[in-house]
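Could you walk me through this protein in my viewer, one selection at a time? I would like to know what to click on next and what I will find there.

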Amino acid sequence: MVSLFSPKHQKLVNQCYPTGRTPDKKPKSSETSYLLYYVNSRRTKLEKVGAYLVKRTTTDLNHRRIGNVMVTLELLDKIIVSCKENLNVFLKEFLDIMIKTLNNNNFNIDVSVVEKIETAFGSICQHLDGVLCNGDLEFIQMYETFVNIYFQVVTERLKNDDLLMKGCLDISKTTSLASNPQVSVLMARAVELALCKFQELHLRFQGEYLDVDLSPSERRLSRSQTHVAGLEEVQNPMDYSEMALQSFFNTTETDKLSISIRALIKRLIEVPNKDLLQYISNRIPVQLRYIIILLFTRALTTHDESSVVLLKLMTTLLVSEVSIIGLSVLDFMRKITAFQLSNTTHPQIVDACTQTISALNRKCYYKDQSLDMVSELLLKLKDISSPVHKEILIGDLNAILKTISAPFITLDVFLEVAPYVDNHLELFSFVTEKIPGGFVMNMFFRYLINLKSKDEQEAILDAAFAKFKHFTLFSGLICFLEEGYARNNVYYSYHMRAAKFLELEDYYEQALRKKRENELFTRKDLVNYYSDPGCNKYAEKGLRILILQTNRVSSTDLVFETPPDGDVVDSSKFPLTPTTSQLQSKMLSNSDISIKSLDKLKTPKVSDLKKAARGIRLAKSHGSLHASQSIKSKITNITFLLNELNNDRDAAGVEDSEYAQADNSNNLVSPSPTCQMLSVGTPKKISLDDSFHDASADVSSTFRGKLFSS
C-alpha cells in the first residue's frame, strides 16, 4: 500500500503501476506522461526516481512480481528516450536494475522480460555519448558486465538467435565505444557473432572458397559495373545479423571500422570465403575501403598457412569488381615485397605475394601507376645482390608486365627492363611514342646490336620506325656514322628500313649490295640520297647531319652554327647538288631542325667576332655558338654584329676585298649556309682594338654610337 506521507516522486512512480498480479502489465499512460513531465522539468528528481526504481525492482524481484518488473523495464525505456540529454544522471541505476533482472534465474528464462531489457539497452546505446564511454570507469565496468551477462543468457539459457543479434545491433549503435580499449573487445565479439550467424543463414558464404582468377577481364570498371550486391541494401528486414553487419561496417568511424575488419580477418582465417569478403567490402564506404588492404597487410606477421590465406584473399579482392580508392600502391607493394623477400624459404608465400602484386596492377588507381611499379622493382634489382632475391623480383616484374596491354614506358625504361625479360618484342610494344633523347637512341642501337636473334632485331627496328618515324631515321644516321661499328645485321637492316621509309629504291638496292659484299656506306654515298629535297623531304636535316657530324660531337647535337672545334667542312669532298638562295634561307629559318636542344652555351661577343675576323681561332670553351634562342633569331643577331664590324672597317678606312667578293658570290655552292656565314675571310690588314678608350682620343663618335646603340 502506498503511504500517504511518501515523497511526491515515489507517489508518481507508484501510480504508474496497475493493480493485480498478471504478468502482462503495462504502465498507465496518463500517469506515465505526468511522471515524464515531472522528471523533465526537475532534473534533480531524476536521481531520486532512479534510486527509487532500483529499490522497488529489488522488492519485486524478491517477491517474483513479474508484472511489476515488466512495468519497471518499460518505464526505464520511456525515461531514457525522454531524458536523453541527462542520461548520465540515472544511467548507472538503470543498468543496475537490468543486471539484477538478468541475474535472477526466476526472470531470465522469460523471453518477454529479456526482450524488454534489450529494448531499454538499445535506447541506452542509441543515445549514449562519448563522455561516459571514455571518462567514467564505473559505467564502463557496468556496461561490460551487462553485455557479458546478456550474451550468456540469450545463448545458454534462452538460445534465442534474434535476441542475440539484436544485442549485437545495439552494441554497434554505441558511438565512441571503439576508442576505449576496455570495451572495444565487446564490439569485436559482437562482430564475430554476427558474422557466424550471417554465414549460417546464407549458404554461399559457408565453407572455404578461395579460388584466385587472374585471367584478364574483358570489362573495364565503370560506375555502372562496380556496383555489386552488398550490405548497403538489406534484402531481408527480419535478418538481424545482416542489419548488425550493416551497422558495424557502414560507418565513417575509423576506430569502429578497424575493429570490425580485424574481426572479419579472424573469421576469414578460420573459414576463408572470398564471396563473404567482397560482400562485406561493398558495404564499407568507398573512401575507406583501403583500410581493408591496410589491415590485411598488417596481419602478415606469421610464416604459416594463415599468411597464404590472407594473401589470396587480398588478391581476390584486388581483382574483383569492388571499387577501392585512396590506396597507396607503392607503399602496399613495398610491404608485400619486403614480406616476400623475408620468406624465401616458403615457396607458397613467395608465389602468393607475386600473385598479389600482379593483382594490384589489374586496376588503375592513378596515372603512371604501372610505370611507378616497374621503376620501383628496377631500383630494388639494382640494390640487391642476392641471386635468390633477384630471381624473385624478376618474377614480380614479369607478373606486372603480363597485366599491361597499353604503352606505358619510355625508351630509356625499356632499355633498363629488357635484360630481365625474355620477349623483347612484346616489351617494346609497351614503349610510348614519346621522343627520347639522342643519347638514349644511341644506347638503343647498341642494345639492338647485342641482341642474339636477328629476327628480333629486325622486328624491333621496324617497330622503332613505326613509333618514332623520322627521329629513328636521323638517330640511326648519326649512330652509324660514328667509327668503331662492325659490319653487323643491325647496320644493314637500318639502311634497308631507312630506304623503305624514304621510299628510295636505289638506296635499298645499294643497301642489299653492300650487305652481300660486306661493305660500309661512306658519307659520299649517303649524301647522294639526302641532296635532293624533291625526292627526300628529310634531305635538309639529313644533309646537315652528314656534313656537320663528327665523332667528337654528341649524338644529340644535330645542328651547328659553326663546325665543332673550328673545323671547316671542305665542300670539294662532296659532289653536292647546288642549292638556291631560297633553299638556304629555308634551311636557316627552320627552327625545328634540332631534335633535342643541347645545354646552353656561350653567345659570341663582339671581341670574339673581331678575333675571328683576324683569323684567330676561338677557344674551345665557345664550341658551337648555341644559345637558348631559335636559329632564326641567332642568325639575326650575328648579322647585326657583322654589320657593326663592317661599319668599324668603314670608319677605320680598311678595305676588305673578301667582303666584296662575298657580295658577288650568291650563286656559288656552299656546303652549309651556316658555315658560309660564319667562315669569315682574313683581311689583308686589320687593326681593331676591343679595349675601351676615351671617345675623343682614338674612336670617332659616329662609330661608337653605332656599335653600342640598339
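Here is a short tour, from the whole chain down to single side chains.

**The whole protein.** Keep in mind that this is a predicted model. Switch to a cartoon view to begin: the protein has 34 helices and zero strands. Of its 710 residues, 49% are buried. Among contacts between residues at least 6 apart in sequence, 71% join residues at least 24 apart.

**Helix α4.** Now select residues 66-82, which form helix α4, and find D77 within it. Which residues does D77 touch, leaving aside those up to four places away in sequence? They are T119, A120 and S123. D77 is buried yet has no salt bridge, and K78, the nearest side chain of opposite charge, is 6.2 Å away.

Stay in α4 and click on E74. Its side chain meets that of K116 in a salt bridge, at 3.3 Å from N to O. Because E74 sits in helix α4 and K116 in helix α6 (residues 111-127), this pair ties together parts that are 42 residues apart in sequence. E74 is buried, with a relative accessible area of 17%, while K116 is partly exposed at 25%.

**Helix α10.** Next, select residues 184-201. This helix has 18 residues, which at 1.5 Å a residue should span 26 Å; its end C-alpha atoms are 26 Å apart, so the two agree. Show the side chains and look for the buried ones, among them L186, M187, V191, L195 and F198. What covers the buried residues of α10? The cover includes α8 (137-157), α9 (161-172), α11 (240-249), α12 (254-270) and α13 (274-281).

**Helix α16.** Move on to residues 329-341 and pick out D331 and R334, which lie three residues apart in this helix, about one helical turn. They form a salt bridge, with the closest N and O atoms 2.9 Å apart. Both ends are partly exposed: D331 has 38% relative accessibility and R334 has 34%.

**A network to finish.** Last, select R513, K514, E517, E519 and D525, which are linked in a network of salt bridges. Within this group, the side chains of E519 and K514 meet at 3.7 Å, N to O. Are these two buried or partly exposed? K514 counts as buried, at 5% relative accessibility, whereas E519 is partly exposed, at 31%. If you want to keep exploring, the model's salt bridges come to 18.

Notes
Residues numbered from 1 in each chain as written. Predicted model: local features only at pLDDT ≥ 70, side-chain atom pairs only at ≥ 80, totals over all residues. Heavy atoms only, no water. Helix = DSSP H or I, 4+ residues; strand = E, 2+ residues; numbered from the N terminus. Buried < 20%, exposed > 50% of the residue type's maximum accessible area, 1.4 Å probe, protein only. Contact = heavy atoms within 4.5 Å. Lys, Arg positive; Asp, Glu negative; His and termini not counted. Salt bridge = Lys/Arg side-chain N within 4 Å of Asp/Glu carboxyl O. Expected span 1.5 Å × (residues − 1).
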